[in-house]
Amino acid sequence: MNRPYLPDDIAIADLQTPYASAPEPKGALGNAEYAARNGKRVLAVFGADWCPDARRFASVLALPQLQDFLSQRYEIVLIDVGRYDKNIDLAAGYGLEKVEGAPAIVVADADGRVVNPGGAYDWRTARSRRPQEFADFLAVYAEVPAP
């Protein structure tokens, strides 16, 4: 498995509005699902700009050191959940009846099957995670088969 390396001292810019400035999520998810049929996974990140852990996850996804790896394996969609009152219907489409924390991360295959069931909320502590943990997570779920 080809895993990118991210040193612990890597500079990670704190993006301030990654979710509010993201493309409209319904259209972006449609494009991502189309791309998934061509061999990529959909990485749906349900978050909000007020949440430092959600901002951290989006900030790591924006690292130049990850761009080649991510662009070959994922279609990433950042979805603004507001104060848990926006785009909740999109989360339900991935089996999340409600968004219980941010970020909620869903990885889906070309058939829309969730590849990380039960793990959507594993990144609510993103601020305390080492950079390599992000890279390892992304590498594992780029290849693991759907249950």
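Modeller: One term before we begin: helices (H or I, at least four residues) and strands (E, at least two) are DSSP runs, numbered from the N terminus. By that scheme, Ser-59 lies in helix H2. This is a predicted model, in which local features need pLDDT of at least 70 and side-chain atom pairs count only at pLDDT 80 or more, while totals for chains, interfaces and linings use all residues. Residues are numbered from 1 along each chain as its sequence is written, and side-chain values use heavy atoms, with hydrogens and water left out.

Colleague: Why does Ser-59 count as buried?
Modeller: Buried means under 20% relative accessible area, exposed over 50%, and partly exposed in between (1.4 Å probe, protein chains only). Ser-59 has 4% relative accessibility, so it counts as buried.

Colleague: Which residues does Ser-59 touch, not counting residues up to four places away in sequence?
Modeller: Ile-12, Ala-13, Asp-14 and Leu-15. Contact here means heavy atoms within 4.5 Å.

Colleague: Which residues are bridge partners?
Modeller: In S2, Val-45 is partnered by Leu-78 and Gly-47 by Asp-80. Towards S3, Val-42 stands opposite Ala-108.

Colleague: How do you know that S1 is largely enclosed by the rest of the structure?
Modeller: Count its residues: 7 of the 7 in S1 are buried, so the strand is largely enclosed. Both faces are covered, with Arg-41, Leu-43, Val-45 and Gly-47 buried on one side and Val-42, Ala-44 and Phe-46 buried on the other.

Colleague: How does the span of helix H1 compare with the one expected?
Modeller: The expected span is 1.5 Å times one less than the number of residues. Helix H1 (residues 25-36) has 12 residues and reaches 16 Å from its first C-alpha to its last, close to the 16 Å expected.

Colleague: Why do you say that the buried residues of H1 line one face?
Modeller: Those residues are Pro-25, Ala-28, Leu-29, Ala-32, Ala-35 and Ala-36. Seen down the axis of H1, they fall within an arc of 120°, so they line one face of the helix. The arc is that of the directions from the helix axis to the C-beta atoms. What covers these residues includes S1, S2 and helix H4 (88-92). On the face turned away from the buried side, H1 carries the exposed residues Asn-31 and Tyr-34.

Colleague: And Gln-132, buried or exposed?
Modeller: Gln-132, in helix H5 (residues 131-143), has a relative accessible area of 11%, so it is buried.

Colleague: What makes the approach of Pro-4 to Gln-132 a polar contact?
Modeller: A polar contact is a pair of N or O atoms within 3.5 Å; within protein, one must be able to donate a hydrogen and the other to accept it, and residues adjacent in sequence count only if both atoms are side-chain atoms. The backbone oxygen of Pro-4 lies 3.0 Å from a polar atom of the Gln-132 side chain.

Colleague: Why is Tyr-84 called partly exposed?
Modeller: Tyr-84, in the loop between S2 and H4, has 34% relative accessibility, so it counts as partly exposed. Its phi is near 65°, a positive value in a residue other than glycine.

Technical notes
Two strands pair if DSSP finds at least two bridges between them.
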